[in-house]
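Hi,

Here is the structure I promised to send over. Could you open it and keep it on screen while you read the rest of this email?

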Amino acid sequence: MLKLLIADDEPLVQIGLKSILNWADYNIEICATAMNGAQALDLIAHYSPEIVITDIKMPVMDGLELAKTCRERYGKLPLFIVLTSYEEFQLVKEALSCQVLDYLVKLELNRDSLEAVIKKALKTLEELLPTQKPSITGSGLQVLQDKFFIRLLHNLFDDEEQLYRQAKDFGLDFSASYYIACHAGISPPPTITEQNHLLSLYSSTLQMIREILGKTLPCYVISLDLKHFCIILMLDSLITNQELTSAFFHAFSMVHNYFNVDIYITAGTPCPSLALISESYQEARQIFPLLDKEKKLLFYQDACQGTSTKNAFNMSLFKEDISKAFDEFDTETLSHIFQEITKLFTDYPTRYLQAIDAACNILYLAISLLPNGEETVSQIFSDYPDGYRSIYRQATVEQVIDWLTFFGTHLCHLLDERKKTYKNHIVSNVQKYIGEHIEEKLTLNDIASVFHISPNYLSLLFKKYNDAGFSEYISQMKIARAKELMAEGNLKIYEIADRLGFESAFYFSKVFKKITGYTPRDYQQLKPL
């Protein structure tokens, strides 16, 4: 079904749009609703809807800015339909110039007017969808970017070359001279306790921080959970802590004035290479528990003056084993890792900060690196009132160890149950990726790095869960695409070979004959073009 997202800060308008039509009759499902443009932007990234109905005037980010941003990021989709009032017609003209499909006047909104514009959208989609070039966009790209950042923060890349190659693949720009990692937390108003409200508040807060802080300091803002996030600052030259403090307070005071939330943040030391950002992040995480209502910002250099605060838990010590265990659903290795970590803190019962840091590190990795990680971890802690965020209630090392033991035991049990399904899921996603990038040069090592699994393991999975091996499957898909290009009749054989990434026309002909039984030239003579 096609997906529709509704963005309007008036709940009654949302309800009206949901109920005015039987959306299933149009093969449409309402995938999400948003109260402002910033929240809508995050939901669009997550759900990749084909249609968005949005109010023009909304808090944080208006509908016009939302449409412009989506055009820049995603191209022609999603289609935008804007809601407006009579006095906003000048904005409607501006919206239409931004390739908005159509507009609806709220006071005139009824079944007929909505149905007419939806039919217009469906007709436009019929023309657009077949021509959209497959690519990793929307929720798929966001998931890969999230996993990239988690690996970056915990030093889980094999080498610097792999790090920068994946950054380029996922459209992330790291060309700065210096980087600083910051760990931040959100303290919402005590009156907001309902999960959906917290999610909306968190999403809107992060989007506002991205918009405001990004105007002063180039940065990436990475969501960790409903209470914490990370900021990676990218600087062309070093700046003083006073300058950083000014930029942070400007952004966070505006967020506080708008959403009534407090932001707590710690910053690690600057590093000259992105490959060293995990050290800066570990520093920021280590001093985060030192914050309180009077001290909401702290720099690692200031916290360490005259003291020794090293020996923070470093996930990189376990990086190869834990990464491989998550990638391959190796529950035996995973169980051993949990036992090692709990034994480490049993032997050092006074290191509470390191223990809570270790638990949070493993929690973030599980959520980000496992397929449906959030859902899996939430299921494990479904009997806890605050779910997996119960880690923040553990007040002693002994309590943290009990929490980790419970987590490890149930995680291994769930992964054992779902192992075969997940492996099929990996193969299915790899096949989809190959189909979307078939005109590029595809290698086992490159695709394995995209999906964060070892080349040998990917090869084994393909042999077990696919009719053809990895290389054979790619050859079959490339030849199938070659047939399509030959049928179009616009390219010569050597041009097709080059377009599909073959090293030479001779090798292309050899592969083509092996799969079809004909040379490309003989095949052209057999097929009416």
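Below is what I found when I went through it.

First, a caution: this is a predicted model. The protein has 22 helices and 10 strands, and 51% of its 529 residues count as buried. If you take the contacts with a separation of 6 or more, 68% of them are between residues 24 or more positions apart.

Start with helix 5, residues 111-128. Its 18 residues should span 26 Å at 1.5 Å a residue, and the end C-alpha atoms are 25 Å apart, so the two figures agree. Which residues of helix 5 are buried? They are L114, E115, V117, I118, A121, L122, T124, L125 and L128.

Next, have a look at helix 8 (residues 195-216) and helix 9 (residues 241-259). Their axes come within 9 Å and cross at roughly 145°, and the crossing is right-handed. On the helix 8 side, the residues that meet helix 9 are L201, S204, T205, M208, I209, I212, L213 and T216. Their partners in helix 9 are A247, F248, H250, A251, F252, M254, V255, Y258 and F259. By class, that contact has 13 nonpolar, four polar and no charged residues.

S204 in helix 8 deserves a click of its own. Its relative accessibility is 2%, so S204 counts as buried. Apart from neighbours within four places in sequence, S204 is in contact with N36, Q39 and F259.

Last, some backbone details in the loops:

- L77 and P78 are joined by a cis peptide bond, with omega about 5°. P78 is in the loop between helix 3 (63-74) and strand 4.
- N27 is not a glycine, yet has a positive phi of about 60°. N27 is in the loop between helix 1 and strand 2, and counts as partly exposed at 43% relative accessibility.
- S48 also has a positive phi, near 50°. S48 is in the loop between helix 2 (37-47) and strand 3, and is partly exposed at 26% relative accessibility.

Cheers

Conventions:
Residues numbered from 1 in each chain as written. Predicted model: local features only at pLDDT ≥ 70, side-chain atom pairs only at ≥ 80, totals over all residues. Heavy atoms only, no water. Helix = DSSP H or I, 4+ residues; strand = E, 2+ residues; numbered from the N terminus. Expected span 1.5 Å × (residues − 1). Buried < 20%, exposed > 50% of the residue type's maximum accessible area, 1.4 Å probe, protein only. Axes fitted to C-alpha atoms, helices over the stretch in contact; angles between N-to-C directions. Left-handed = near helix turned anticlockwise from the far one by under 90°. Contact = heavy atoms within 4.5 Å. Nonpolar A, V, L, I, M, F, W, Y, C, P; charged D, E, K, R; others polar.
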